[in-house]
Amino acid sequence: MAIEQIKMPQLGESVTEGTINQWLVSVGDKVSKYDPLAEVTTDKVNSEVPSSFDGVIKELIAQEGETYEVGAVILTIETEGGGSAAPEAPAAPAAEALAAAASTPAPAAAPVAKTDNGGARYSPAVLKLSQEHGIDLSQVSGTGAGGRITRKDLNALIESGNIPKAGTAPAAASTPAPAAAAPAPQAAPKAAAAATNVPVVPGDIEIPVSGVRKAIAANMLKSKHEAPHAWTMIEVDVTNLMSFRNSLKADFKKKEGFNLTPFAFFVKAVAQALKEFPMINSMWAGDKIVQKKDINLSIAVATEDALYVPVIKNADEKTIKGIAREIGELAGKVRSGKLSGADMSGGTFTVNNTGSFGSIQSNGIINHPQAAILQVESIVKRAVVMDNGMIAVRDMVNLCMSLDHRVLDGLVCGNFLKRVKEILENTSKENTSVY
């Protein structure tokens, strides 16, 4: 018999960590190669981790709801042949393991260290947390497998303020060994930010934070902490563009089977301008700036509880029709839960259609590690003073751009936005084709 490890995979370019959203297997389950083992959430996508082996699940190391670095061991599988590991007691049949799993909480995630406190077993993370906050573990009821105490149990006690303290008797013999002396876990969850104590009164609703929301929060926090954000805005007259689009939309939908949205024109204009200003299509890499060859545009798509950024690959090579089709297809995948890691990878610049919510001005957070994000605001009719001094009602839109000032300066961004404006204001029936 051999013990094989399954590690946290890299589910997209620039993805460095993932959150175990849900285990799809239990200890003792028999699995085949490519069977799904767990649902994992990153800041970019939800995905399943497949098995690389045929065998029996031996240990679930990672804990549901916790975040782990790419490459961290998340579970082990016992396989036939080739190994030198000593045989252990036979695993329970899969049916029995499933039945047990239905009546018990999920198994504890991290490897455990013995203490001499009545034979109890605690993970190194639990030991460390208990010592930091003076928690008497003998007075804590665990929710893990077999009543095992988890980090979630201790965090809940810490947040409540109802921390069980040890008695006055000498505790040297029963005090858990210091965390430093405990064996290091194979997959240490990423340290969580300190909990914020928020008073809760009757009538308040407490909403658990999902794995997707945690991943989004971590990525946004990383972006704001690492990238010095600057912001600029330009006003664009899209009257001719809207007139052209409105003249086509009914026949286009009938012929093509999908909508020709104004957003497709904006995405195409951005892709064209990025070819002319390639520095905008760059990323900060510590000791260097990487100017990306491909123009892959991330587009923000929101659901009720999360925000995803699927990618239109090589957008500069696509027609307005092709971009419109991809926008529809990617948005459909997001809302049906069928978005894949490939759909989310490789983005070099983000275009966000904030105007769909009626927004007219916003300051976006850059999609790390990209260098900029462009917010396309709501198209509104406004009275505008024309070049000839006359006042006319025109379709106007604000384009708001956030930039990483380590990579980009105001001059290049101003010229980039000026070029996007020029392309959009010259979009018309006479000089633009959607095919």
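Phe252 is buried, at a relative accessible area of 3%, where buried means under 20% relative accessible area, exposed over 50% and partly exposed in between, with a 1.4 Å probe and protein chains only. Before we go on: this is a predicted model, where local features need pLDDT of at least 70, side-chain atom pairs count only at pLDDT 80 or more, and totals for chains, interfaces and linings use all residues. Residues are numbered from 1 along each chain as its sequence is written, and side-chain values use heavy atoms, leaving out hydrogens and water.

**Exercise 1. Work out how the rings of Phe252 and Phe258 are arranged.**

Step 1: Grab the rule. Rings of Phe, Tyr and Trp (its six-membered ring) pair if their centres lie within 6.5 Å; planes under 30 degrees apart are stacked, over 60 edge-to-face, and the rest tilted.

Step 2: Apply it. The count comes to four aromatic pairs by this rule. One of them joins Phe252 and Phe258, with 5.3 Å centre to centre and 85 degrees between the planes, and is edge-to-face.

Step 3: Check the surroundings. Phe258 is buried too, at 17%, and ring pairs link Phe252, Phe258 and Tyr435 into a cluster.

**Exercise 2. Find where Helix α5 bends.**

Step 1: Locate the helix. α5 covers residues 239-256; helices here are DSSP runs (H or I, at least four residues) and strands are too (E, at least two), numbered from the N terminus.

Step 2: Compare spans. Its 18 residues reach 24 Å from first C-alpha to last, close to the 26 Å expected, where the expected span is 1.5 Å times one less than the number of residues.

Step 3: Find the bend. α5 bends by about 45 degrees at Lys249, that being the angle between axes fitted to the seven residues ending there and the seven starting there.

Step 4: Look just past the end.
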